[in-house]
Amino acid sequence: MKQLMGVINLDHELDVLSELTYFRCGAAVPFAGRYRLIDFVMSNMMHSGVEDIALFVRRKYRSLLDHLGEGGPWDLDRKRGGLFILPPDWNDPSDVSVGELQHIYNNQNFFARGPAQYIIHSGSQHLSSVDFSEAYEYHIKQGADVTLIYTKAEELLPEHRPCVRLDVNEEGIVTDIHHEHDNTNIYMDMFIMEKELFLQLMKQCIAHQESHVFRDAIQKNRHKLKIAGYEYQGYHAVINSLESYYRNSLDLLEQEKYQSLFSAQPVLTKIKYEVPAKYLESADVRHSLVANGCQIDGTVENSVLFRGVKVKEGARIHNSIIMQKCVIEENAVLENVILDKDVVITAGRKLQGDTRKPYVVAKDMVI
Amino acid sequence: MKRKKVVAMLLAGGQGKRLKSLTRTLAKPAVYFGGTYRIIDFPLSNCSNSGIDTVGVLTQYEPLVLHSYIGVGSDWDLDRKNGGVFVLPPYEREDGTSWYRGTADAIYRNLKFIEQYNPEHVLILSGDHIYKMNYDTMLDYHIEKNADCTISVIDVTPEEATRFGILNTEEDYRIYEFEEKPAQPKSTLASMGVYLFKWEMLRNYLLMNLNNPDTSHDFGKDIIPLMLGEDRTLYAYPFQGYWKDVGTIQSLWEANMDLLSENPKLDLNDPRWRIYTRNPNQPAQYIAPEAKVRNCMINEGCQVYGEVDHSVLFYGVEVGQGSVITDSVIMPKVKIGRNVTIHRAIVSEGMVIPDGAVIGTDQDNDQEISLISEDEIGNFSAKVSPSL
């Protein structure tokens with residue numbers, strides 16, 4: 001799909017997953033046993049045929065650089081185009097742009113060089129399996145200036161609170177954009193716009209010292225632009241708090257959710273050459289997601305185990321998320337706990353959090 | 001171009017007839033092993049981990065799967081600017097010959113490939129065995145002994161020795177005789193099919209072998225005896241560790257079962273010696289509330305609702321509710337229905353096992369391993385008796 005180029009803008013995303021975002025940005029937080037949150041939007045773009053992606057990052061992007069590399073897993077290590085990770089390094093003395101628009105102003109070459117005529121602009125917090133090429137066709141059919149992708153929430157959850165809401169009429173045209181909390185049309189932080197119009201709006205915003213792409217270019221101009229609303233139906237989760245991270249992780253243990261996220265198309269991620277998971281003599285694993293490289297000799301229930309986790313004999317894990325390479329020694333007990341990477345829980349320790357407020361252990365700790 | 005110290009030539013053209021329908025549409029080195037691997041991952045990863053960056057893979061029988069699997073070799077870190085992995089199928093020549101007539105002939109036909117790199121040594125490997133080996137250590141030994149040829153050997157029992165190519169050596173491992181499957185073995189050092197040659201020496205003997213009208217173009221039968229006859233320096237390199245020929249359904253099954261103990265002899269979880277493989281991009285495996293999994297290896301993308309004990313599940317396998325899988329190897333994307341019993345079987349890729357089917361029972365622990373595939377559909381219906 002040469003028509004679409006991707007912009008993944010992480011600038012306005014806050015690092016709000018407590019210990020999990022001490023050293024990494026939200027987009028780099030591990031999810032579902034072997035992914036990072038950014039993999040979902042990256043994979044959706046890849047499956048929609050997007051061949052140029054710019055990634056605007058501001059801070060804590062070290063682990064993101066390591067994870068994405070040249071973009072090989074998403075087929076973005078290309079001779080022409082591909083993945084451009086664009087850190088905040090700019091030195092133009094005549095630059096007057098502020099906020100997010102600094103990225104646009106200082107990376108005009110990316111937009112100028114890409115052959116695509118349209119831009120798909122997205123964040124990383126809305127997990128979905130949206131097909132951008134379908135949304136693009138809808139955009140063309142509607143003859144809209146901009147198409148906002150939204151989903152109808154079946155049930156309003158705490159993580160929906162900060163989300164932008166849309167009023168959409170029967171023709172699929174967005175009539176208003178606001179934050180009214182009882183509206184169930186959740187804007188998924190993804191829009192499609194023609195490149196020329198996008199750059200023109202950006203120029204205007206920069207000239208007026210505006211700082212926010214969506215709010216200042218689209219929301220403020222909502223009565224001047226023809227804005228279409230593309231309704232996405234399918235798996236959707238917003239990860240913008242520790243609570244939403246924890247609940248949505250464990251929700252994947254429901255078979256329906258797991259299928260709807262993974263069965264349509266593969267989600268791609270950086271490859272680790274791990275051996276298949278191994279279950280030993282006294283393993284008792286139920287209702288859990290387990291990644292490769294795990295070695296389990298204890299009890300695991302209602303939990304997510306990332307790659308290379310070791311659970312020794314007699315250890316018990318309930319309602320917990322255990323990240324890469326953690327070691328849970330003999331007879332340790334974990335309940336409602338999130339362990340970041342490389343944590344060691346020594347024999348016999350007991351850690352317990354609350355079902356709504358999990359106990360989080362930061363990377364590399366030995367307890 | 002800088003001279004290469006060593007170039008590896010991997011013989012991957014074998015059919016592996018005794019693996020029956022598992023090799024109907026692919027060569028033996030492409031057969032699945034260990035929940036995620038193909039046999040060829042082992043020699044390729046060994047090369048990569050040993051610092052060998054130039055590998056020719058000689059293919060002949062059913063090469064499609066193998067060729068597309070290897071690709072440009074990036075999974076084994078063998079996509080290199082200078083060197084890398086090359087697939088070398090036989091080709092038609094001016095004199096009308098086309099197929100590789102034997103292991104030595106396959107190398108002879110690719111003289112030009114090797115000459116491009118002008119290596120000091122050539123490592124000959126086969127794509128039939130499961131083992132982890134540092135070829136660089138063997139190369140040090142080969143150089144230290146100033147050997148013309150070094151053959152890696154493994155100590156086997158006297159009974160097993162009758163099934164292998166056996167090397168009779170002096171106390172210092174200098175080889176004086178090679179015997180193919182001797183009835184009365186004089187030694188228990190079995191050739192592992194891993195040879196290191198000085199390139200100039202190998203080149204000369206390959207050319208010399210052409211003058212022998214009765215040659216079978218084989219390393220073991222022709223080249224090695226020829227070199228021994230001329231008093232060349234041949235050494236055996238004693239290998240310690242796990243090594244298994246997975247040439248039959250029984251041995252393939254055994255090698256898979258060997259992985260299930262708590263500390264298997266073949267450690268696949270060693271970060272210093274990773275076995276690389278093409279990753280099928282599957283989500284984390286799902287173990288359902290009613291599932292029971294013990295003593296097994298399960299790959300990503302599996303969904304288990306039943307009971308799995310002492311078995312190996314490749315990626316994307318589904319085990320339905322009430323089904324019981326024991327002592328079995330289930331290859332990729334097999335869908336097992338509900339209330340199925342599978343005992344001592346290898347189920348080949350993509351099979352769909354209907355609800356209630358019974359394959360093997362706990363009683364026949366001495367029975368042959370069942371192979372369940374499209375091809376054995378006749379046997380399959382005999383072995384699979386749908387319950388009422």
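## Surroundings of Glu180 in chain B

In this predicted model, B:Glu180 touches B:Phe164 and B:Gly165 when residues up to four places away in sequence are not counted, contact being taken as heavy atoms within 4.5 Å. B:Glu180 lies in strand β10 of chain B, residues 175-180, where helices (H or I, at least four residues) and strands (E, at least two) are DSSP runs numbered from the N terminus. With a relative accessible area of 40%, B:Glu180 is partly exposed, since buried means under 20%, exposed over 50%, and partly exposed in between (1.4 Å probe, protein chains only).

Residues are numbered from 1 along each chain as its sequence is written, while chains are lettered from A and ligands numbered from 1 in the order in which they are written. Local features need pLDDT of at least 70 and side-chain atom pairs count only at pLDDT 80 or more, whereas totals for chains, interfaces and linings use all residues; side-chain values use heavy atoms, with hydrogens and water left out.

## Annotated binding site positions

An unreviewed UniProt entry places the feature "binding site" at B:Tyr100, B:Gly165, B:Glu180, B:Lys181 and B:Ser191. These positions are spread over 92 residues of sequence and also in space, up to 23.5 Å between C-alpha atoms. The UniProt positions follow the numbering used here, with feature names shortened, and such annotations may be inferred rather than shown by experiment.

Leaving aside residues up to four places away in sequence, B:Ser191 touches B:Ile151, B:Ser152, B:Val153, B:Gly165, B:Leu167 and B:Trp243.

## Interface between chains A and B

In all, 37 residues of chain A are in contact with 38 residues of chain B. The two chains bury about 3100 Å² between them, 46% of it on carbon and sulfur atoms, buried area being the accessible area (1.4 Å probe) that two parts lose on being put together, summed over both. A:Tyr273, A:Lys278 and A:Tyr279 supply 23% of the area that chain A buries against chain B, more than any other three residues.

Between chain A and chain B there are 3 salt bridges, each a side-chain nitrogen of Lys or Arg within 4 Å of a carboxyl oxygen of Asp or Glu. A:Glu274 forms a salt bridge with B:Arg274, with the closest N and O atoms 3.9 Å apart. On the side of chain A that touches chain B, α9 (255-262), β14 (277-279), β15 (284-286) and β16 (288-290) each supply at least two residues, and the largest share, 4 residues, comes from α9(A).
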